[in-house]
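Trainee: I have a new model open on my screen, and I'd like to learn how to read it. Could you walk me through it?

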Amino acid sequence: MRIDQPTIERIRQSADIADVIGDYVSLKKKGANLWACCPFHGEKSPSFSVSPAKGIYKCFGCGKAGDSIRFIMDIEGLGYGEALRHLAKKYGIEIQETVLTDEQLQAQNERESLLIVLNYAKNYYQNNLFKHEEGQSIGYPYFKERGFSDKTINTFELGYSLEGWDAFTKEALKNGYSLDILAKAGLTILKENEQTANPNAQKAFDRFRNRVTFPIHNVSGKVIAFGARILKADKSQAKYLNSPETEVYHKSNVLYGIFQAKNAIRTKDVCYLVEGYTDVISLHQAGIENVVASSGTSLTVEQIRLIGRFTQNITVLYDGDTAGIKASLRGMDMILEEGLNVKLF
Ligand SMILES: [Zn+2]
């Protein structure tokens with residue numbers, strides 16, 4: 001669906017540039033403009049300016065510039081239509097849409113379809129955890145043993161994937177999702193079926209089976225991938241399994257917990273960096289909400305820049321074992337190279 005022109009105009013008029021950008025960086029008034037350290041590149045003194053009168057921003061360091069919509073596209077990694085929707089939601093504007101041709105729809109919608117099916121999967125796994133007998137007897141006790149409250153389980157949208165080979169895929173197909181989208185979202189694995197004479201026949205099975213699920217959110221709270229921990233003592237399988245790279249999930253750009261942590265990081269002006277999903281969740285529940293993990297990869301420059309949008313201060317809390325110390329030292333070097341301040345605990 002395409003957003004009609006009058007709606008776009010209403011969004012433009014409502015999305016005050018200082019208000020929009022103020023959600024991401026703290027702006028300080030100097031003269032006619034507002035200034036901040038640029039959220040797009042690492043820096044220690046502010047060269048990012050916002051002109052409320054003109055409705056635009058410009059960074060004199062890296063050259064990024066534009067209006068409120070451009071800012072949301074760049075900082076949230078969204079397309080034009082998605083950025084408009086994001087702002088419409090923020091300002092409570094109802095979207096009026098016009099119908100697109102099939103071709104336009106297809107091109108625009110693949111990314112959005114992935115986000116929709118990933119959200120569906122998140123709800124499905126959550127429902128398993130709370131409503132399904134297997135989730136209640138296997139998944140839920142695992143979280144309870146870790147000391148997670150129901151509130152915490154809900155905040156992080158934790159769930160459970162059933163033991164069967166294709167319980168999720170079958171249910172998703174029944175609900176109208178295509179195998180193609182399920183596979184592109186990394187939720188379903190397709191294998192050629194050697195049992196039949198038809199060389200094109202494929203067998204579909206669930207990527208996540210008999211595991212507790214940890215949805216991975218982007219900065220704006222959309223589910224873009226999953227991490228999943230096995231509950232059976234089965235040495236032949238990886239303890240943690242992650243979604244593969246997809247159109248919406250690029251491991252190296254993502255930090256686990258950033259959506260739940262971003263406001264606390266900005267207000268506390270420091271970000272704690274830990275190793276695992278459960279470390280993030282335990283600290284959050286203990287009231288330390290400004291915490292993220294670089295799960296699935298060792299720390300990357302993109303992840304450091306993502307933190308740099310919210311604070312210039314990182315405290316690394318890694319395991320005291322040799323591998324943990326080595327990883328933290330590498331991480332510290334990179335953080336310093338990006339111009340941020342780092343402490344190690
Ligand atoms: Zn910049």
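**Reading the model piece by piece**

Mentor: Let's begin at one spot in the chain: Glu 157 sits in the loop between α7 (150–155) and β8. Keep in mind that this is a predicted model.

Trainee: What is the phi of Glu 157 near?

Mentor: The general idea comes before the case. Most residues other than glycine have a negative phi. Here, phi of Glu 157 is near 55°, a positive value in a residue other than glycine. Asn 210 also has a phi near 55°, again positive and again not in a glycine.

Trainee: Where does Asn 210 lie, and is Asn 210 buried or exposed?

Mentor: Look in the loop between β10 (202–206) and β11 for Asn 210. Its relative accessible area is 6%, so Asn 210 is buried.

Trainee: Now the sheets, please. In what order do the strands of the sheet with β8 come?

Mentor: Strands of a sheet pair through backbone hydrogen bonds, either parallel or antiparallel. In this case four strands make an open sheet, ordered β8-β11-β12-β13, with antiparallel pairing. At the edges are β8 (159–161) and β13 (240–242), each of which pairs on one side only. From one strand to the next, the twist averages 35°.

Trainee: How many bridges join β11 to β12?

Mentor: Seven bridges link β11 (residues 211–217) with β12 (residues 223–230), and the two strands run antiparallel.

Trainee: Can you take me inside it?

Mentor: Ala 36 is opposite Phe 48 in β4. In the loop between β2 and β3 you'll find Ala 32. With 65% relative accessibility, Ala 32 counts as exposed, because the cut-off for exposed is over 50%.

Trainee: Which residues coordinate the zinc ion?

Mentor: Four of them: Cys 38 (SG), His 41 (ND1), Cys 59 (SG) and Cys 62 (SG), at 2.1 to 2.3 Å. Along the sequence, these donor residues follow the spacing C-x2-H-x17-C-x2-C.

Trainee: And how do I read the angles at a metal?

Mentor: Ideal angles at a metal are 109.5 degrees for four tetrahedral donors. At the zinc ion here, the angles among the four donor atoms are 102 to 119°, and the site is tetrahedral.

Trainee: Is Cys 38 buried or exposed?

Mentor: Cys 38 counts as buried, at 2% relative accessibility. His 41, at 22%, counts as partly exposed.

Trainee: Let me zoom out. What domains is the protein divided into?

Mentor: You get domain 1 (2–97), domain 2 (103–249) and domain 3 (253–344). The C-alpha centres of domain 1 and domain 3 lie 25 Å apart. Across that pair, ten residues of domain 1 are in contact with nine residues of domain 3.

Trainee: How do β14 and β16 run, parallel or antiparallel?

Mentor: Parallel: three bridges join β14 (residues 271–274) to β16 (residues 313–316). Strand β16 is also joined to β17 (residues 341–344), by four bridges, and those two run parallel as well. Thr 315 makes a handy landmark. Tyr 272 stands opposite Thr 315 in β16, and Thr 315 stands opposite Lys 343 in β17.

Methods
Residues numbered from 1 in each chain as written. Predicted model: local features only at pLDDT ≥ 70, side-chain atom pairs only at ≥ 80, totals over all residues. Heavy atoms only, no water. Pairing = 2+ DSSP bridges. Donors = N, O, S within 2.8 Å, 3.2 Å for Na, K, Ca; no water. Tetrahedral: all angles 85-135°; square planar, octahedral: opposite > 155°, others 65-115°. Buried < 20%, exposed > 50% of the residue type's maximum accessible area, 1.4 Å probe, protein only. Axes fitted to C-alpha atoms, helices over the stretch in contact; angles between N-to-C directions. Domains from an automatic or database assignment. Contact = heavy atoms within 4.5 Å.
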